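Hi,

Here is the structure we talked about. My notes on one helix pair and the core follow below.

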Amino acid sequence: MLFRSVRSMEFAREILRGETGGDPKVVLLASLLHEVGVADEARRRGDTEEVHAVRRILEEASVHWSVIDRVCRLVGCQHTIDGLDTPEAKAAWDADSLAGLFTGEEFPDVGRIRDLIEKRFKTKTGKEIAHREMEKRNM
């Protein structure tokens, strides 16, 4: 999980360089911390544990409450972006999607990845990165 979170943050940083709008601090924190509190796949059904854990970490780090609230909103919606149409949400969503697709040794079939890129990705930069990552893997 840690490696995927770091990869998500790296992808988020790259997406932010290509997109306008949104607070980079919010996107980077959400991308790095979105897996906090998840011990196993079964616990992923309830995002409230993740949100509480992230809120505690950020409060202990004396992060401003408005940043904490926005980060927690993104973490709480990491499995569905419905209702969040902000530049921050789109960047964090794409970063997590990229980390999910391109972290590890096994990858879904090429047709499925291409379909996910067109249907799931929300930013132009995220789509460009996904296509680049596919080329790097000769997909």
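Val26, Val27 and Ser31 of α2 meet Glu88, Ala91, Ala92 and Ala95 of α5 (contact means heavy atoms within 4.5 Å; helices are DSSP runs, H or I, of at least four residues, numbered from the N terminus). By class, that contact has five nonpolar residues, one polar and one charged (Ala, Val, Leu, Ile, Met, Phe, Trp, Tyr, Cys and Pro count as nonpolar; Asp, Glu, Lys and Arg as charged; the others, Gly among them, as polar).

This is a predicted model: local features need pLDDT of at least 70, side-chain atom pairs need 80 or more, and totals for chains, interfaces and linings use all residues. Residues are numbered from 1 along each chain as its sequence is written, and side-chain values use heavy atoms, without hydrogens and water.

The axes of α2 (residues 24-33) and α5 (residues 87-102) come within 9 Å and cross at roughly 35 degrees (lines fitted to C-alpha atoms over the stretch in contact; angles run from 0 to 180 degrees between N-to-C directions).

In α2, the buried residues are Val26, Val27, Ala30, Ser31 and Leu33 (buried is under 20% relative accessible area, 1.4 Å probe, protein chains only).

Now the core. The largest nonpolar core has 34 residues (buried Ala, Val, Leu, Ile, Met, Phe, Trp, Tyr and Cys, joined through side-chain atoms within 4.5 Å). Val54, Val71, Leu74, Leu98 and Phe102 touch the most other members. α5 gives the largest share, nine residues.

Beyond its neighbours within four places in sequence, Val71 contacts Val26, Leu29, Ala30, Val54 and Leu58.

Best wishes

Notes: Helix = DSSP H or I, 4+ residues; strand = E, 2+ residues; numbered from the N terminus. Buried < 20%, exposed > 50% of the residue type's maximum accessible area, 1.4 Å probe, protein only.
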